[in-house]
Number of protein chains: 2
Amino acid sequence: MLRTHNCGQLRLENDKQEITLAGWVHRRRDHGGLIFIDLRDRWGLTQVVFDPAIEATAHDLASSLRNEYVIQVTGLVRRRPPEQDNPNIATGQIEIEAHNLKILNTAKTPPFDINKEVAVDETMRLRYRYLDLRRERMQRNIILRHNVVRYIRNFLSDEGFVEIETPILFKTTPEGARDYLVPSRVHAGKFYALPQSPQQLKQLIMVAGYDRYFQIARCFRDEDQRGDRQPEFTQLDMEMSFIDREDIMALIERLMIGLAENNSAKRILHKPFPRLTYQEALARFGRDNPDIRFGLELSDISPLVANSGFKVFSDVIASGGLIKGLNGTGLGSYSRKQLDELTDFVKGFGAKGLAWLKVEADPEKGVKVGASSFAKFLSAEETEAIMKQLKGQPNDLLLFVADKAEITNESLSRLRLEIGQRLGLRDDSVLAFCWVIDFPFVLWNEDEKRWDPCHHLFTSPMNEDIPLLDTNPGQARGKQYDLVLNGYEVAGGSIRIHQRELQEKVFGLIGLDIEDAKQRFGHMLEAFQYGTPPHGGIAPGIDRLVMLLAGEPNIREVIAFPKSQSATDMMAGAPTDVSEEQLKELHIRLR
Amino acid sequence: MLRTHNCGQLRLENDKQEITLAGWVHRRRDHGGLIFIDLRDRWGLTQVVFDPAIEATAHDLASSLRNEYVIQVTGLVRRRPPEQDNPNIATGQIEIEAHNLKILNTAKTPPFDINKEVAVDETMRLRYRYLDLRRERMQRNIILRHNVVRYIRNFLSDEGFVEIETPILFKTTPEGARDYLVPSRVHAGKFYALPQSPQQLKQLIMVAGYDRYFQIARCFRDEDQRGDRQPEFTQLDMEMSFIDREDIMALIERLMIGLAENNSAKRILHKPFPRLTYQEALARFGRDNPDIRFGLELSDISPLVANSGFKVFSDVIASGGLIKGLNGTGLGSYSRKQLDELTDFVKGFGAKGLAWLKVEADPEKGVKVGASSFAKFLSAEETEAIMKQLKGQPNDLLLFVADKAEITNESLSRLRLEIGQRLGLRDDSVLAFCWVIDFPFVLWNEDEKRWDPCHHLFTSPMNEDIPLLDTNPGQARGKQYDLVLNGYEVAGGSIRIHQRELQEKVFGLIGLDIEDAKQRFGHMLEAFQYGTPPHGGIAPGIDRLVMLLAGEPNIREVIAFPKSQSATDMMAGAPTDVSEEQLKELHIRLR
């Protein structure tokens, strides 16, 4: 060991001990002939004092030290003069009287500051990731991630789960995204696929009787990197046998509560976690991953205006659309410009416009219609009914979208988040979990004119809805359950199909030709014939979960070596060219 | 939950309780009008009795049950008639009086027996891996693996190590084997490589100041699958800063002892682990991964016969070769046929022949030369010296190889293992760990006429041997250490280079052009300039370690879904053809 203690360890009780520390020069100050070094390692900071009157050689050498040099210091622990105590650091009552200094390595000036929290261009951070990871914020995130994953592993192991590693070199998986492919050298012209998830394998592990499986599993999707996505990501993959939906939800709820309470200072808003049906989530929040840290719920005013003379509204309803609104509480003083901004905002999500109504105080009735983009086209009864339904109070701003249901929901749900943000309602110190259940089993894919699974190919329909698969698939519900946290889906799961006949029926329903199905999933169909237990599972996303616990804005902040938006490793420079010889061995050539 | 208890849980104290179990029909016996079912799950077996006098319906249905059906049984726990107690199973004092039976799933007759330990063709096992994994032996291995990995994780976490995930989609690594490549869709003509190990990244994690890192890491090597190899395998990857060799060896030794003692009934032969230098391992055992569970050590007789008149021996020595022998204790009665077998055995490892000498009892001198393939060519003094050096006792068989040093060592070390096996000396209940240290820094590659790193590119030479890099590289030693268990290398590690100048010098020594080095490892050279601490690490192989703890003959027995010798997933059928459309998107075509 090149040290006797780490840089976060020494206290007053170590006074007068001879110790050796090693670490990085965090900061150097020259003061009254003395040189002060804040020495840093993962565990903290310790102040080291070089005094020419005590050790001239060490002091001389110390004068050559620069930030991020790696040094080893031997010296005596001593009490700081009380007025120099630093209560902000754990070692703040002591300092080291340096007797000997060894420079273990020098350092060029880093391209950005390590020793203070400053905004740095992300390209630069990714390029020098080893320096970025040296910063306190990143160390906190990476260590939080370690603790979170450790907590999960021990929790599940204690519950009788077995962690089982599944292959990375596997076969195409049915998650709907593009696969990363790996050409085989041994089998000319053939390719492995990197798993989009271990879905098939975890079900086969249930067939194999392991009863409770989990894995912190790397998953791969070759998607365009819009938004907050990575080519590879990590999920807690898990599966259980002889259970139903309630068992998995209860277990995950206990896990998440323990996890958050042991690894975060944030407060869990609701225990037990509220449950919303898919339809309810859509009705109240306009989306199936609602942020329930705040209200501002959406309200369907279609029935109130269905017969109104206002053609914009009545046409939408006549063509099967939806008119919903929300109450922008206290925003009645918004200017024309601000209203235009909000209108542009919803237009960004496909809405044709934003109808608005300001509520004013009325000495008699309490409230009355103020300025509005549409009130004049409605009857007084209609506007009053609207204000009443949206609980409009003086100085509220009621906002409405009339459009196809999907657009009304999407644009208004986004507007709700935006206004929640403006009103400071998205409290970062709070964790608002909720379950969304009773999803549709399939969704109509208008482009391809066929049914798509709402979750995935192996999710079971509700038992009582199986007959609907033949008559009215769109009405069937699936045994799917999603866990949502602060507006992010953090886990999706389902009870699976465990019988070959039903699986084949579902393949048929979603338009998968039976021969094609056998080609791709023949091993699954076959396995189902050899005594497959009822089973189900779920897969919380580790990156997103840690991001939310850390209070970070994107998952790159909690991944040690993320790829850029163009799927590039900026540090090592991957992907790269390869030699003609390598291509030849792999039986491929470039186009 | 489809059950109240699992199949290994019920005891006498549960007598008269109404319970529900679910699991697989392990065995069915019809006996005196009753039907007995051994119901199985991961936790054990429970006997269920269907009595037509108690529940005729359940009994009727039970008569349709076959092995591996998945069923749910509700009934009453009752004490077995004492004479029917089964002490071999934990639930052996009770049985279930079945009141209700539900068939959750049927099962076709499996292609091999699940309920007894029989030899099954491995192709069949891999084809139906989900059934193979249902067998007791595999469940034991997979759960052992889980426990081993869990032990390691908690041990290291408690020691202040942080588990950090590193990318699977990365850049070519310098481990010397072939990379698996992944074509990029976004960057036409460019490829990611799957890591042969996270070597570079773990060193960069040290640069980033994490001080103690580990990861249970998936690694990939596209090698021909001779012997016991897999395209992907798992290692405990770890790295520490501010340490020297002794620190890592001490930590690993504590880890391995705790691991074995907590997860295995096997006995650790030596504590602390013995240490051998590379030269000593070669001298005594002929290889750098010696099985030290037994003696039969090799003995160099070159000095004894260097000047003998026996041309076979003297020629070998004159041309720089080596003559070594071992004492096949008690094998003096081996027949000509058995001796021919041993000769063929060493020829399989390149030896030109096997010289032998039987020791006989002599009333005066204790021992004398008996039959021998070569004794007549030597003087009496020479043969006596040889017998003495090999501690020949009456009825011993002394065996010798005279050849180039590499061949003498390789063939004799193999012969030693073979004879150890024949003599029953390789005790399966024993774990014999040892360290091998002081490896050469580089080895001469005769084919390519250059020096190859003995370990890898980033291993540091011994400080005192750095000058030898310029003058006599073959004499320099590296800071490498290997952990060997029962004749297998289970971990290889080293102290790394942490300074750019030395790293560049080593690149030069092994013939890596500086421009090429910058292209491939520029990010490492650059990182070394920003305050890189002294660091080192090691990487125990998880598959092999678990294999040895489980007492299995190959790593496929401890991997849930291994590939076949031709790198095929026999169950799912990977690798597969892919569509022209996919190839087009990836900018490649087949040759």
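At 11% relative accessibility, Asp38(B) falls under the 20% limit and therefore counts as buried. In this predicted model, Asp38(B) forms a salt bridge with Arg27(B), with N and O 3.9 Å apart. The pair joins distant parts of the chain, as Arg27(B) belongs to strand S1 (residues 18–31) and Asp38(B) to strand S2 of chain B, eleven residues apart. Arg27(B), at 33% relative accessibility, is partly exposed. Elsewhere, salt bridges with shared partners draw Glu117(A), Arg125(A), Arg129(A), Asp132(A), Arg135(A), Arg137(A), Glu552(A) and Glu557(A) into one network.

Chain A has a mean pLDDT of 95, and 99% of its residues reach 70 or more. The model as a whole scores 0.96 for ipTM and 0.96 for pTM.

Over all chains, the structure holds 130 salt bridges. One of them joins the side chains of Lys266(A) and Asp428(A), at 3.9 Å from N to O. These two residues are 162 positions apart in chain A: Lys266(A) sits in the loop between helix H6 (245–263) and strand S11 (267–268), and Asp428(A) in the loop between helix H12 (405–422) and strand S18 (430–431). Lys266(A) is buried, with a relative accessible area of 16%, whereas Asp428(A) is partly exposed at 47%. Another salt bridge pairs Lys365(A) with Glu384(A), whose closest N and O atoms are 2.7 Å apart. Here the link runs from the loop between strands S15 (355–362) and S16 (366–372), which holds Lys365(A), to helix H11 of chain A, which holds Glu384(A), 19 residues apart. Lys365(A) is exposed at 56% relative accessibility, and Glu384(A) is partly exposed at 36%.

With a relative accessible area of 36%, Pro394(A) is partly exposed. Leaving aside residues up to four places away in sequence, Pro394(A) touches Val359(A), Glu360(A), Ala361(A), Gly366(A) and Val367(A). Its C-alpha is 9.3 Å from that of Val369(A), a residue 25 places away in sequence.

Arg42(B), in the loop between strand S2 (34–41) and strand S3 (44–50) of chain B, presents a contrasting case. Arg42(B) is buried yet has no salt bridge, and the nearest side chain of opposite charge, that of Asp211(A), is 5.7 Å away; this exceeds the 4 Å limit, so the two do not count as a salt bridge. Polar atoms of the Arg42(B) side chain instead lie 2.8 Å from the backbone oxygen of Gly160(A) and 2.9 Å from the backbone oxygen of Tyr210(A). The residues that Arg42(B) touches include Val162(A), Gly209(A) and Arg212(A) from chain A, together with Gln139(B) and Ile143(B) from chain B.

Helix H12 of chain B (residues 405–422) has 18 residues, which at 1.5 Å a residue should span 26 Å; the end C-alpha atoms are 25 Å apart, in agreement. Its buried residues include Thr408(B), Leu412(B), Leu415(B), Ile419(B) and Gly420(B). Among the elements that cover them are helix H7 (278–285), strand S14 (322–328), helix H10 (336–347) and strand S17 (397–403) of chain B. Just after the helix, Gly424(B) adopts a positive phi of about 70°.

Further along chain B, Gly508(B) is part of helix H14 (residues 500–509). Gly508(B) is partly exposed, at 43% relative accessibility. Gly508(B) and Ser566(B) are separated by 58 residues in sequence and by 37 Å between their C-alpha atoms.

Key. Residues numbered from 1 in each chain as written. Chains lettered and ligands numbered in written order. Predicted model: local features only at pLDDT ≥ 70, side-chain atom pairs only at ≥ 80, totals over all residues. Heavy atoms only, no water. Buried < 20%, exposed > 50% of the residue type's maximum accessible area, 1.4 Å probe, protein only. Contact = heavy atoms within 4.5 Å. Helix = DSSP H or I, 4+ residues; strand = E, 2+ residues; numbered from the N terminus. pLDDT = per-residue confidence, 0-100. Expected span 1.5 Å × (residues − 1). Lys, Arg positive; Asp, Glu negative; His and termini not counted. Polar contact = N/O pair within 3.5 Å; in protein donor to acceptor, adjacent residues only side chain to side chain.
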